[in-house]
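I opened a notebook on this structure and wrote down what I looked up, in the order in which I looked.

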Number of protein chains: 2
Amino acid sequence: MMKQDIRVEFTSAKKPKPDPHDLAFGRIFTDHMFVMDYDADQGWYDPRIIPYQSISMDPAAMVYHYGQTVFEGLKAYVTKDQEVLLFRPEKNMERLNQSNDRLCIPLIDEELVLEGLKQLVAIDKDWIPKAEGTSLYIRPFIIATEPFLGVAASHTYKLFIILSPVGSYYKEGIKPVKIAVENEFVRAVKGGTGNAKTAGNYASSLKAQQVAEEKGFSQVLWLDGIEKKYIEEVGSMNIFFKISGEIVTPELNGSILEGITRNSVITLLKHWGLTVSERKISIDEIIQAHRDGRLEETFGTGTAAVISPVGELIWNDESLVIGSGETGEISKKLYDTITGIQKGAEADVFGWTTEVASLSETK
Amino acid sequence: MMKQDIRVEFTSAKKPKPDPHDLAFGRIFTDHMFVMDYDADQGWYDPRIIPYQSISMDPAAMVYHYGQTVFEGLKAYVTKDQEVLLFRPEKNMERLNQSNDRLCIPLIDEELVLEGLKQLVAIDKDWIPKAEGTSLYIRPFIIATEPFLGVAASHTYKLFIILSPVGSYYKEGIKPVKIAVENEFVRAVKGGTGNAKTAGNYASSLKAQQVAEEKGFSQVLWLDGIEKKYIEEVGSMNIFFKISGEIVTPELNGSILEGITRNSVITLLKHWGLTVSERKISIDEIIQAHRDGRLEETFGTGTAAVISPVGELIWNDESLVIGSGETGEISKKLYDTITGIQKGAEADVFGWTTEVASLSETK
């Protein structure tokens with residue numbers, strides 16, 4: 001695609017910034033957003049950064065009815081040298097296009113959108129919080145906008161990038177969470193949309209999540225939709241187990257999301273000389289490993305929480321406390337290393353970070 | 001719930017009505033819409049009929065990200081006596097609440113929303129087209145509106161009802177369609193959201209539909225997500241087969257939509273003294289029945305198309321022409337009877353229609 005210019009319209013009314021010690025996840029948004037339109041004649045056109053504002057659309061816009069939408073999530077961090085870093089953003093652009101392909105949404109120019117993302121973060125860089133565990137969450141998303149009630153791919157779309165200064169995803173911080181194995185509801189199945197980041201996967205997960213929360217659990221562990229036997233992922237994260245010193249995670253099978261943190265974790269573990277296997281893992285294998293005292297650690301991986309240690313699994317009312325119920329050694333080391341790389345405190349041996357701005361230039 | 005008043009704000013600028021002979025499906029909308037809001041404190045509140053207008057929401061509104069949305073579809077018809085009839089609208093309200101339950105959306109007061117729907121149709125009754133095959137399509141839908149990027153059920157919602165004067169759903173009218181049996185993609189699986197009318201089911205169907213259309217087929221025939229062996233539904237309709245004089249349709253299994261037209265068809269066929277079975281039907285059974293010359297008819301059922309005869313099934317590049325490839329006798333009789341009841345030309349022995357207005361009172 002041809003290189004397009006990104007026009008910028010600055011806000012005339014900057015919003016007050018939140019108390020950095022009182023940040024939740026995804027409730028506050030910055031002063032600007034990136035927008036781009038698509039129609040069949042022009043393709044993706046008019047990339048622009050404009051003041052953060054409401055979206056106004058016809059009630060018949062297809063996104064409200066048929067869920068043709070995809071999204072991504074990544075974060076920007078401030079280093080101790082006041083540099084603003086992104087973590088593997090090109091992987092998010094790549095995955096956005098994989099999701100687009102599954103959802104029949106026209107592919108984007110990954111370079112252009114990444115350039116827009118970087119410019120947006122640079123413009124709103126004063127919004128990036130610096131306290132421990134905080135960051136600027138970046139949410140690119142695309143929605144179908146054609147006002148039409150027939151079930152078909154839309155002919156028009158809008159792409160947005162919005163920014164939200166965030167604290168930890170879980171209120172409890174990096175403390176271990178309790179996870180319930182889900183026996184009734186199914187998140188996704190091979191041939192469905194489980195490996196795309198699209199709205200429907202999340203909508204279908206709400207009921208199981210709600211039931212789990214009522215029982216005092218943080219998330220659910222999804223089993224495969226076919227045999228209800230093999231482990232898929234946990235809540236909105238990928239999952240890893242350490243069994244007898246070996247680290248295992250479910251193989252990508254078409255219904256599991258190809259997590260970027262998952263990929264980073266596998267790369268790091270291998271770099272540390274540990275054995276990592278991507279393979280089918282049955283829930284029975286995990287139960288048995290726990291009974292034999294061989295289930296040493298369990299943790300989820302995802303952009304929002306980075307590493308989320310699992311302290312307890314609930315299976316048919318049976319409670320499996322993992323290790324001592326505390327954060328495991330590998331979980332802690334992964335969390336420290338990845339957040340260290342993200343914040344520029346650890347050596348970035350894999351070239352995962354990209355500098356987009358410096359806070360020391362201005363003011 | 002307590003009875004709530006529905007306030008009405010009339011438009012000051014009525015739109016021109018479309019040429020009734022040139023109507024497509026779901027592209028033109030009437031002068032007014034019904035809206036109602038939900039928050040945790042007030043429950044569902046402020047039911048109102050207002051001029052048809054854009055929806056303005058924060059870009060972080062949850063519907064754009066996590067697809068927490070449900071919808072319904074039904075139609076209003078004008079009889080030869082100028083009465084406006086609805087067809088089984090209470091069934092749509094009932095199913096809307098079933099979908100709400102699966103999607104963690106607060107239940108609605110079915111009577112109140114039906115009352116709002118009737119008042120809306122009465123106000124915009126001049127928009128109902130009268131030509132053969134035309135009607136007023138009614139689309140109630142609910143969307144999650146909370147501006148929050150965490151994956152959880154929204155705390156706020158909006159319910160809308162919009163109206164669209166429509167021609168036939170298929171451009172080709174009631175002519176038989178070509179349907180491809182889908183082997184790769186899956187629409188839904190037990191434990192998922194297949195039996196709810198929610199956005200994600202439709203988003204996930206687009207890819208298979210697009211591939212089918214490129215090959216010249218109208219829709220796909222979905223197989224079950226577990227064994228890819230049993231027939232589920234076709235495109236966005238339920239499906240029926242007539243084999244050796246017996247009519248069969250897949251049983252409701254948790255992943256098939258509980259169609260209201262499906263229910264009406266079963267009731268009518270039994271009323272006519274025909275044998276109807278709701279059971280598991282494998283694709284192999286259908287292929288074999290066709291080879292043996294026992295597959296006499298195939299048709300889809302749904303609100304949009306009412307009855308959609310299937311003239312040809314494509315299975316692994318093999319073409320199965322059904323009957324003579326023309327509309328079958330039962331399909332035709334069902335179409336004529338149901339549309340006859342809907343338009344007041346046939347006796348409504350089951351009490352399926354509800355009068356909401358008369359066109360002869362005014363003007």
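The entries below go from one chain to the pair of chains and then to single residues.

**Entry 1: the model.** I note at the start that this is a predicted model.

**Entry 2: chain A as a whole.** I began with the secondary structure of chain A, which comes to seven helices and 19 strands. I then looked up its radius of gyration, which is 21 Å. The globule rule gives 21 Å for 363 residues, so chain A is as compact as a globular protein of that length. Along the principal axes, I found that the C-alpha trace of chain A spans about 60 × 55 × 35 Å. Of the 363 residues in chain A, 61% count as buried. I also checked contacts in chain A with a separation of 6 or more: residues 24 or more positions apart account for 71% of them.

**Entry 3: the two copies.** How can chain B be laid on chain A? A turn of 180° with a shift of 0.0 Å along the axis does it, and the RMSD is 0.0 Å. The copies are thus related as by a two-fold rotation axis. I then compared the interface residues: 100% of those of chain B are also interface residues in chain A, so the two copies meet through the same surface.

**Entry 4: the nonpolar core.** I looked up the largest nonpolar core and found 135 residues in it. The residues with the most contacts inside this core are A:Tyr64, A:Val121, B:Tyr64, B:Val121 and B:Leu159. I followed B:Leu159 further.

Entry 5: A:Phe240 lies in strand S13 of chain A and A:Phe299 in strand S16 of chain A, so the pair ties together parts that are 59 residues apart in sequence. I checked burial as well: A:Phe240 and A:Phe299 are buried. I also noted one aromatic cluster with members from chains A and B, formed by A:Tyr64, A:Phe141, A:Phe160, B:Tyr64, B:Phe141 and B:Phe160.

**Entry 6: charges over rings.** I found the charged end of A:Lys280 over the ring of A:Tyr230, 4.5 Å from the ring's centre. I also found A:Lys333 over the face of A:Trp272, at 4.1 Å from the ring centre.

**Entry 7: a glycine in a helix.** I looked up A:Gly116, which is found in helix H3 (residues 110-123) of chain A. Is A:Gly116 buried or exposed? A:Gly116 has a relative accessible area of 0% and is buried. Leaving aside neighbours within four places in sequence, A:Gly116 is in contact with A:Ile6, A:Phe34 and A:Ile49. I also noted A:Arg48, 68 residues from A:Gly116 along the chain, with 7.7 Å between their C-alpha atoms.

**Entry 8: helix H5 of chain B.** Which residues of helix H5 (residues 206-214) of chain B are buried? I have B:Leu206, B:Lys207, B:Ala208, B:Gln209 and B:Ala212. What covers them includes helix H2 (89-102) of chain A, and also helix H4 (199-203) and strand S11 (219-223) of chain B. After H5(B) comes B:Gly216, with a positive phi near 95°.

Technical notes: Residues are numbered from 1 along each chain as its sequence is written. Chains are lettered from A and ligands numbered from 1 in the order in which they are written. This is a predicted model: local features need pLDDT of at least 70, side-chain atom pairs count only at pLDDT 80 or more; totals for chains, interfaces and linings use all residues. Side-chain values use heavy atoms; hydrogens and water are left out. Copies are superposed by least squares on the C-alpha atoms of residues with pLDDT of at least 70 in both. Contact means heavy atoms within 4.5 Å. Buried means under 20% relative accessible area, exposed over 50%, partly exposed in between (1.4 Å probe, protein chains only). Helices (H or I, at least four residues) and strands (E, at least two) are DSSP runs, numbered from the N terminus. A nonpolar core is a set of buried Ala, Val, Leu, Ile, Met, Phe, Trp, Tyr and Cys residues joined through side-chain atoms within 4.5 Å. Rings of Phe, Tyr and Trp (its six-membered ring) pair if their centres lie within 6.5 Å; planes under 30 degrees apart count as stacked, over 60 as edge-to-face and the rest as tilted. A charge sits over a ring if NZ of Lys or CZ of Arg is within 6 Å of the ring centre and within 35 degrees of the ring normal. The radius of gyration is taken over C-alpha atoms; the globule rule is 2.2 Å times the number of residues to the power 0.38.
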